[in-house]
Amino acid sequence: MELVIGIIFFLVLGFIAYIWLTYNSLITLRERIKEALSGIDVQLKRRADLIPNLLETVKGYAKHEKEVFENVTKARSMLMKADSLHEKAEADNMLTGALKSLFAVAESYPDLKASDNFRDLQDELSDTEDKVSYSRQFYNSNVLAYNTKIQTFPAALIAGQFGFKSYEFFEADEEEKKTPKVKF
């Protein structure tokens, strides 16, 4: 009889330990997602902070390119106001497109392209773009691990009981997925 009670005790203890460990691992994964999203925000802010300097540098050379400057400014403003992941992704995609237009304008001005200030800003922006890309990848990796864990058995039972919900991936829009056309 004592043996049966001892086995039941260890099974119950093992079950409680499993719930505890699974719950804690879900919390850890969820916090990693929050950290990764914060990393994206930091890099997007860094990029947004570089843009006024870049615009001022280009404006000195290309005064009549008003629409390009307005589009970059509008996209930057949208990014700074974005709250949800979807809004941030949408604003980020819009800003990326506006910056492509800005750099296309810069190609028309050889003196601008030769400017040390412009090149430094371009390098800084390129470095920031790499960091944004890495931050997105880090976030998506954490979302994958978390979403997989809350959907697989038996952790799904615990996740459901404690209200863990899946997260969205940070995705590129359809325009960014297209292969760029190179013309010579």
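Here is a short walk through the chain, from its overall build to one pair of packed helices. This is a predicted model, in which local features need pLDDT of at least 70 and side-chain atom pairs count only at pLDDT 80 or more, while totals for chains, interfaces and linings use all residues. Numbering starts from 1 along each chain as its sequence is written, and side-chain values use heavy atoms, with hydrogens and water left out.

Let's start with the whole thing. The chain has 7 helices and 0 strands (DSSP runs, H or I of at least four residues for helices and E of at least two for strands, numbered from the N terminus). Its radius of gyration is 24 Å, well over the 16 Å that the globule rule gives for 184 residues, so the chain is more spread out than a compact globule (the radius is taken over C-alpha atoms, and the rule is 2.2 Å times the number of residues to the power 0.38). Along the principal axes, the C-alpha atoms fill a box of roughly 90 × 30 × 30 Å. Buried residues, meaning those under 20% relative accessible area with a 1.4 Å probe and protein chains only, make up 32% of the 184.

Now zoom in on helices α1 (residues 2-59) and α3 (residues 85-106), whose axes come within 12 Å and cross at roughly 30° (axes are lines fitted to C-alpha atoms over the stretch in contact, with angles from 0 to 180 degrees between N-to-C directions). That makes α1 roughly parallel to α3, a label for angles under 35 degrees. Residues in the contact (heavy atoms within 4.5 Å) include Leu37 and Asp41 of α1 and Leu85 and Lys88 of α3.

Notes
Angles under 35 degrees count as roughly parallel, over 145 as roughly antiparallel, 65 to 115 as roughly perpendicular and the rest as oblique. Buried means under 20% relative accessible area, exposed over 50%, partly exposed in between (1.4 Å probe, protein chains only).
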